[in-house]
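Subject: Structure handover

Hello,

Here is the structure for you to look at. My notes follow below it.

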Amino acid sequence: MLGPVYTLELLNANRRIHRYPWRGFYVIVLLIEAQWLTIGLWDFLFASDGVRDLIYIADRLLRLIALQQGLAIIGLAPAFAAGSISDERQRGTLDFLLTTPLSDAEIVVGKWLAQATQVLHLISPGYLFIALLGGILGERADGIFLVIVEQIVLLYAIVPLALSVSSVSRTTPKAMVGVYAALGAIVCTEALEAPPILTPALWSYSARMELTPGQHAMSIASLLIVMLMALGLTIWRLRPAHERQRDGTKLIGIRWWDRPPIGDAPMRWKERFCGDWFSVPLWRGLQRWAKCGLLAGIVALVGIAWPTLETFLVMAVLQLTLCTLFVGLRAAGAITGERENGTWESLLTTHLDAYQIVRGKLWG
């Protein structure tokens, strides 16, 4: 009985994202990158050292597209799958889905396959380019095959991780930030350690890592274990987490007595101090000076434990990425969240005009 959930999830995802135009856009990007190879073919036909130029360009392009495919999986899979369950809960349709004769395993597996399939459909043209470039360079067929299989297994392992976070998160932005934070920590940790265990599909070609077939097999096995554990956790916690989210009261990210007066900018005050924006237990109860001191202490301990340039580069990239994602996701849900909660119409009936609403949300 996976068919109904699988089909419904694909229809809902296509209605939200319209993956076909995005797939065409990605093909255009790949074709633009392939123009670099066309220059190499021109040199190969008419220049004396054209063979060397062609091999150089094909090698760089293969490394670029392999890394690009891996980063696309890291970036797109959580964005597509993180709201699969939390959106159902916010719309109130998860109750109807749980009352059907479908088991929890059928619901979760159907959503998992649908979300992973649509991401694979979007990035699949890149694997044709990888196979073509591997043939030009004379790469072993099993090496190219292992890289492609590792990336596909990585995709099917990230999606259940996003589903597990979505099942326990109240809102989609919180689920996305949680998944991106976990993936960022894994990627940065494995970038400092060699050889990587879970993410060799990202680094094997881009960083010219020489991995044995045994290491590739261990990586695939590790990803499969993570995938099965995430699926099992999601199936186990689907109904209990939904009951807790439905029956529990909404948490407020800041205590009412810590809020300043509203003043002359009500929309800016509302965006800044109201709502359940990524509130974390225990963390939200700390004062601002305690939060800053705790973060500074963690950064100092990491810097003292691993005093290398790579450590500081990884921390800088991680901070930039997480801050950008936090701001982007919060801004992306500023208006759609009002519409989903049914408060957008009430907001439009106030004396505030569109400029004041949007500008207040921007600054808040």
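Of the contacts (heavy atoms within 4.5 Å) in the chain between residues at least 6 apart in sequence, 78% join residues at least 24 apart. This is a predicted model, in which local features need pLDDT of at least 70 and side-chain atom pairs count only at pLDDT 80 or more, while totals for chains, interfaces and linings use all residues. Residues are numbered from 1 along each chain as its sequence is written, and side-chain values use heavy atoms, with hydrogens and water left out.

The chain has 16 helices and zero strands (DSSP runs, H or I of at least four residues for helices and E of at least two for strands, numbered from the N terminus). Of its 364 residues, 40% are buried (under 20% relative accessible area, 1.4 Å probe, protein chains only).

Helix H6 (residues 104-123) and helix H7 (residues 125-137) cross at roughly 50°, and their axes come within 4 Å (lines fitted to C-alpha atoms over the stretch in contact, with angles from 0 to 180 degrees between N-to-C directions). From H6, the contact takes in Leu 120, His 121, Leu 122 and Ile 123; from H7, Pro 125, Gly 126 and Tyr 127.

Helix H12 (residues 266-273) packs with helix H16 (residues 354-363) at an angle of about 35°, the axes being 7 Å apart. Met 267, Arg 268, Lys 270 and Glu 271 of H12 meet Gln 356, Ile 357, Gly 360, Lys 361 and Trp 363 of H16.

Regards

How values were computed
Buried means under 20% relative accessible area, exposed over 50%, partly exposed in between (1.4 Å probe, protein chains only).
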